[in-house]
Amino acid sequence: MISTKLLEDLCKEFPQHYFLQKKESRKLLVSFGNAGSYNGRFPFYKTFDKLNEISYLLISAKDGNFWYSNGLPGIADDLEGTLNNLAGIILEFCIRNKLDEVIFTGASMGGVPALLISHFTQAYTYSCITNNVLIFCTETVMFLPGSRSLYHNNIKSFKEIFPEKYIDLCGLNYYANEITLYFGERCIVDTYCALRLKEIQKKNIKEIYN
């Protein structure tokens, strides 16, 4: 089911998200909370607030990790539907407000939906709206031995609730104009995930060592 909510109304109805539209802004920065973050915890908030000419939307979940299986209230009841509908809600906002660029971002597990949502942004191309992905230390292959996704917060059921079709993100078709992934070369899992994503996707992937 496609959500017909306006972005502004969605954030008013569900205040765990935070939206700030800045006057004269032509860009929208969308940040997803990392695993284990709960209602009202927004990564990068202070940084985004200093960007005077960029509007931003911060997506946070009340139930922490479980939105990866249950979706987000008011949007959809699973991960795929949530990201597909959210992509549409954001696109409608951009067209209505004459924005020309969206940047999806997230760190660690927050990078998973930030990357995955660009699997649902084909319509942005038709609307001449650029969409880019900027992610940090993101596991593009989930639940590898020694990975944070496998042992995060000792949530043993996380692997069981995560959608199996999205455990490996490397082979999907992405419509982002550019994907930039920052990773630490001293972390074996992060390095493997970054290089595998680059090898399979071939173009538009920039791995940047920290």
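User: What does T140 touch, not counting residues up to four places away in sequence?
Analyst: T140 touches L115, I167, D168, L169, C170, C193, A194 and L197, with that neighbour rule applied. Contact means heavy atoms within 4.5 Å.

User: Before I go on, what kind of model is this?
Analyst: It is a predicted model, in which local features need pLDDT of at least 70 and side-chain atom pairs count only at pLDDT 80 or more, while totals for chains, interfaces and linings use all residues. Residues are numbered from 1 along each chain as its sequence is written, and side-chain values use heavy atoms, with hydrogens and water left out.

User: Back to T140. Where is it found, and is it buried or exposed?
Analyst: T140 is in the loop between β5 and α7. Helices (H or I, at least four residues) and strands (E, at least two) are DSSP runs, numbered from the N terminus. T140 counts as buried because its relative accessibility is 0%. The cut-offs are under 20% relative accessible area for buried and over 50% for exposed, with partly exposed in between (1.4 Å probe, protein chains only).

User: Which backbone oxygen does the T140 side chain reach?
Analyst: That of C193, at 2.8 Å. A polar contact is a pair of N or O atoms within 3.5 Å; within protein, one must be able to donate a hydrogen and the other to accept it, and residues adjacent in sequence count only if both atoms are side-chain atoms.

User: And T138, where does that lie, and what is it in contact with?
Analyst: T138 also lies in the loop between β5 (130–136) and α7 (148–151). Leaving aside neighbours within four places in sequence, T138 is in contact with G106, S108, G111, V112, L181 and C193. T138 has a relative accessible area of 1%, so it is buried. A polar atom of the T138 side chain lies 3.3 Å from the backbone oxygen of S108.

User: What about the phi of S108?
Analyst: S108 has a positive phi of about 55°, although it is not a glycine. Most residues other than glycine have a negative phi. S108 lies in the loop between β4 and α5 (111–116), and at 25% relative accessibility it counts as partly exposed.

User: And what is phi for C137?
Analyst: Near 50°, a positive value in a residue other than glycine. C137 sits in the loop between β5 and α7 and is partly exposed, at 26% relative accessibility.

User: Speaking of cysteines, how many disulfides are there?
Analyst: The count is 0 disulfides, where a disulfide is a pair of cysteine sulfur atoms within 2.5 Å. C170 is in no disulfide, and the nearest cysteine sulfur, that of C193, is 6.7 Å away. C170 is buried, with a relative accessible area of 0%, whereas C128 counts as exposed at 66%.

User: New topic. Which strands pair with β2?
Analyst: Strand β3 (residues 54–59) runs parallel to β2 and is joined to it by 6 bridges. Strand β4 (residues 101–107) pairs with β2 in the parallel sense, over 6 bridges. Two strands pair if DSSP finds at least two bridges between them. L29 has Y56 as its bridge partner in β3, and L28 stands opposite V102 in β4.

User: Why is β2 described as largely enclosed?
Analyst: Because 5 of the 6 residues of β2 are buried, it is largely enclosed by the rest of the structure. F32 belongs to β2 (residues 27–32) and is buried, at 1% relative accessibility. The C-alpha atoms of F32 and V112 are separated by 8.7 Å, though the two residues are 80 apart along the chain.

User: How many residues are in the largest nonpolar core?
Analyst: The largest nonpolar core has 57 residues, and those with the most contacts inside it are L28, V30, F32, L57, I90, F104 and F162. Helix α4 (residues 79–96) gives the largest share of this core, 9 residues. Another core lies apart from it, with 6 residues, among them L29, I54, Y56 and I103. A nonpolar core is a set of buried Ala, Val, Leu, Ile, Met, Phe, Trp, Tyr and Cys residues joined through side-chain atoms within 4.5 Å.

User: Which residues is I90 in contact with?
Analyst: Leaving aside neighbours within four places in sequence, I90 is in contact with L28, V30, L57, V102, F104 and Y124.

User: Last one: how many helices and strands does the chain have?
Analyst: The chain has 9 helices and 7 strands. Of its 210 residues, 50% are buried.
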